[in-house]
Amino acid sequence: MGKEKVFTPIDIGTMTLKHRVVMAPTIHEMCYGGHPTEAYLAITDTYARSGVSMVCVGGATIDPGPTGDVFPNALSIASDECIFGLQRLAEVIKAQEAKACQQLYHPGRAAARYWAQTDPEMLPWGASAKVPFMAAPKWEITKKDGKWSAVNVMPPAPVREIPEGEIERLVRMHVLAVLRAKKAGFDAVNIHFANVTLVMDFISPYTNVRTDGYGGGWENRMRLPCEIVQATRAAVGKDYPLIVRIPADQGLGEAGIQLQDTLRHVVPRLEEAGVDAIDLSAGVLDHTPNKIIPPMYDARGCYLNHSEAVKKVTKLPVIVAGRLCDPRMIAMAIENDRCDVAALSRPIMADPLMPKKMMAGKPDDVRMCVACGYCMSEAGWTKYCAINADSARERTFPKIEPAGNPRKVLVVGGGPGGMEAARVLRERGHDVTLCEKEAQLGGTLRVAAAGPLTREWRTFTRWHMRQIEKLGVRVRLGTEVTKELVAELAPDAVVVATGSVPCRDVPGADQPIVVTEEDVLLKGTAIGKKVVVIGGAFWDVETAINLADQGKDVTIVREADSVSMNRLGPIRALPILFGMLQAKHVTPLFSTKVVMIEKKGVRIVDNAGIAGFVEADAVVLSTGRVANRKLLDELRGVVADLHEIGDCVKPRCVADAVYGGRLVGSRV
Ligand SMILES: Cc1cc2nc3c(=O)[nH]c(=O)nc-3n(C[C@H](O)[C@H](O)[C@H](O)COP(=O)(O)OP(=O)(O)OC[C@H]3O[C@@H](n4cnc5c(N)ncnc54)[C@H](O)[C@@H]3O)c2cc1C
Ligand SMILES: Cc1cc2nc3c(=O)[nH]c(=O)nc-3n(C[C@H](O)[C@H](O)[C@H](O)COP(=O)(O)O)c2cc1C
C-alpha cells in the first residue's frame, strides 16, 4: 500500500504533513487541574509512535472559570500555567516526527454536564437561553421510610445567554489559547466549532435565537466563528496553521445545521475568514452523540459523503473522521478524492500501529475498531478500548515480552478471552494449544455478530483468527475439554475461558416455546412470526431489532426503562435505539415484569400493577448470562497453574474478556 496517494504529503497552510492519515482530536480525562498526567503523556506517545503524520490532542478548554469545562480531569489551555504541560505533550508528539496539533474550545451549554447550577448568575453560557442542556447527570439520592433510593434524573439544565459584551472576551479567550498552543510548540491548532462548543451553538439555528448582530440569518450566526478566526489570524500571523472543526450535519434535521448549510454558508465564510483546513465532524453532544461518535450500526466511512461534498465547495484541504477503520477504504477514499486527510480516533485506540501496518502493506493485520461504544461507556470512559486492553494502560500493563521459560499452555475456550490469551502467550514464545468445543472460534461473540445491526463484531474474531494462525497457535476445534483430556495433554498451565450460558431464571423458562438468542440468531432455529424478547441483558434491545430484521413481529418486555450505559455507552443507548425500535415496529413494553411464560405467550405486569398477556409463538431469552464454571470446578486442585478469565469468572463483556486474556497472557 506504501506508494498510494494516502502516503503522499499534503500542505495545511505552511505545514506539510508527510502523509494523509492523522490522529483525530481525542480527549482523555487523564489530567489533574487541567494539566496532563504522565499517563496522558504516555498515551499521547503511543499515538505519536503509531505512524500518523499528525496527532491532534483532544479538546482543551479555553475558559479558566467554572463554566469552562465539560469533563472533569480534562485538559486546559485557559491560562499561562498550562503551557508547561502542553509543551510536554507537543514534545512527545514531535519526538516521533509527527506534527503536533492542539484542539481548543469553549463548551458553552455543555458545561452544564459538569457544573450543575440553578443560580441564574452562575449558569453556563449558551448562544441563547432558550435551549437547555439535556445530558447533565443529576443524582437524586433520597431516603424515604428508612430506605435509600438513587436515580440519575438528567433534567434539562438551564443556560444563560452570553451577553454581547462577553462575546468579545470569548473571542479573546480563543486567541489567547491559540497563542499558548503556539508558544508550547504545537505546529498547528484545531479550533473546535463542533459537537460540544459554544461557537457551534451560535452557528446552529437550533440553539441561536438571538436578536442582536450574532443572531438571525446565516450572515449573523457565522459572525462569531469568523471573528474568532480573523482575530486569531491577526495574533498568530499568516503562517501559523489554523484548522477548524465543524459539524457537517448536526443530525437534527431542519432544526439544526444540515450538510447543505455547511456547503453554502459555513465553509465559504470560514475559508474567506482565513482558515487553512476544514475538519469535519457531526452531531451534538446532548441530542445526537451517535453522530459525533458513530456506533457499529453505521457503515464504515459514514462521513465520506460529507467530505466529498465539502471538497467541491472549497480549495482548502478537507479532513474527515468517522469509522475510518478499514485501511483499504481510507486509501481508496483519498485516491478517489473523497477527502484529503483521514482522521482516526477509535481506530488508533484499537490498533496503535495501524498507520505503520498500512505503510508496511499489512492491512489485514490491522485490529479494526468495531465501534462498540466501550470507550464512551462508564467503564471505558474516554480512554479504554474493548478490543485493545493496552489502551491507556501504558504505565500499568506488563509488556508482551519473550517468556524466559517457554511452557506448554492449554487455553480452553475460543471466545474473545481465550483467543486473546492464546495470542499473547504464543507471541511470548509459549507452546499454546487452544481448544474450542464448537466448530468455530468466536465464542458468544458469534451470537452477537449474527444479527445485522451488530455484524461488525465479526471483524474482531477474524483478526484474532488470523493472528492465532500466523503465530502458530495449535487450534483444536470441536474439542470439548474435560478433566481427562487435561490429564492426557499434561500442560504446564491451563487458562480456562469457558464463558457463559444463557440465564434461564424466568418462571416458565422450560416451556417449549422458549428459545435462546443463540438458537434464533446463530443457529437459525425456525420459530413462528410472533416473538416476545424477554430483556435484561445490556444488548437485549439490539436482539429485538435483529429479530425484527428477520421479519418477526417482536415485542420486548423488560423491567428497566433504560439501557445501562455501563458497557455500551451513549452511542448505543436506548434513546439512540428507540427510533430503530419504532422503525422496525417493535413493541416496547418497558417497566414491565414477566410473571410467567406460558404455553402460548407471556403473562406480564407493569409497574402500575396492570396485568396483561402477550401472545407469542416463541419467547427469546435475552435476560443475561450465567458463568460456565463446570470445568474450572473440576480442575481446581488438580492443575497447579490454573487461570480463569472472561465470562466464566463473571459474565460481563468483551472488554473484560480481552483484558483478562491480555493480562494472563503476559503473566504465565
Ligand atoms: C446477543 C449477545 C450480544 C452481545 N453483545 C455484546 C456487545 O455488544 N458488547 C460486549 O462487550 N459484549 C457483548 N456480549 C457479551 C460477550 O459476547 C461476552 O462477554 C464475551 O463473548 C465473553 O468472552 P469469553 O471469551 O469470556 O467467553 P465466550 O465468548 O462465551 O467464549 C467461551 C467459549 O468457550 C467454549 N467452551 C466452553 N466450555 C468448553 C470446554 N469445556 N471445552 C472447550 N471449549 C469450551 C464455548 O464454546 C465458547 O466458544 C454479547 C453477548 C450476546 C449473547
Ligand atoms: C474517546 C474519544 C474522545 C474524543 N474527543 C474528542 C475531542 O476532544 N474533540 C473532538 O472534536 N472530537 C473528539 N472525539 C471525536 C473524534 O475526534 C472523532 O470525530 C469520532 O470519534 C469519529 O471518528 P472515529 O470513528 O475515528 O472514532 C472523541 C472521540 C472519542 C472516541
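1. The model is predicted, with local features requiring pLDDT of at least 70 and side-chain atom pairs counting only at pLDDT 80 or more, while totals for chains, interfaces and linings use all residues. Residues are numbered from 1 along each chain as its sequence is written, and side-chain values use heavy atoms, with hydrogens and water left out.

2. The domain assignment gives domain 2 as 408–502 + 627–667 and domain 3 as 514–623, bounds that come from an automatic or database assignment. The contact (heavy atoms within 4.5 Å) takes 12 residues from domain 2 and 14 residues from domain 3.

3. Between domain 2 and domain 3 the count of salt bridges is 0, a salt bridge being a side-chain nitrogen of Lys or Arg within 4 Å of a carboxyl oxygen of Asp or Glu.

4. Asn73, although not a glycine, has a positive phi of about 65°, and at 41% relative accessibility Asn73 counts as partly exposed. Asn195, likewise not a glycine, has a positive phi of about 50° but is buried, with a relative accessible area of 6%. Here buried means under 20% relative accessible area, exposed over 50%, and partly exposed in between (1.4 Å probe, protein chains only).

Key
Chains lettered and ligands numbered in written order.
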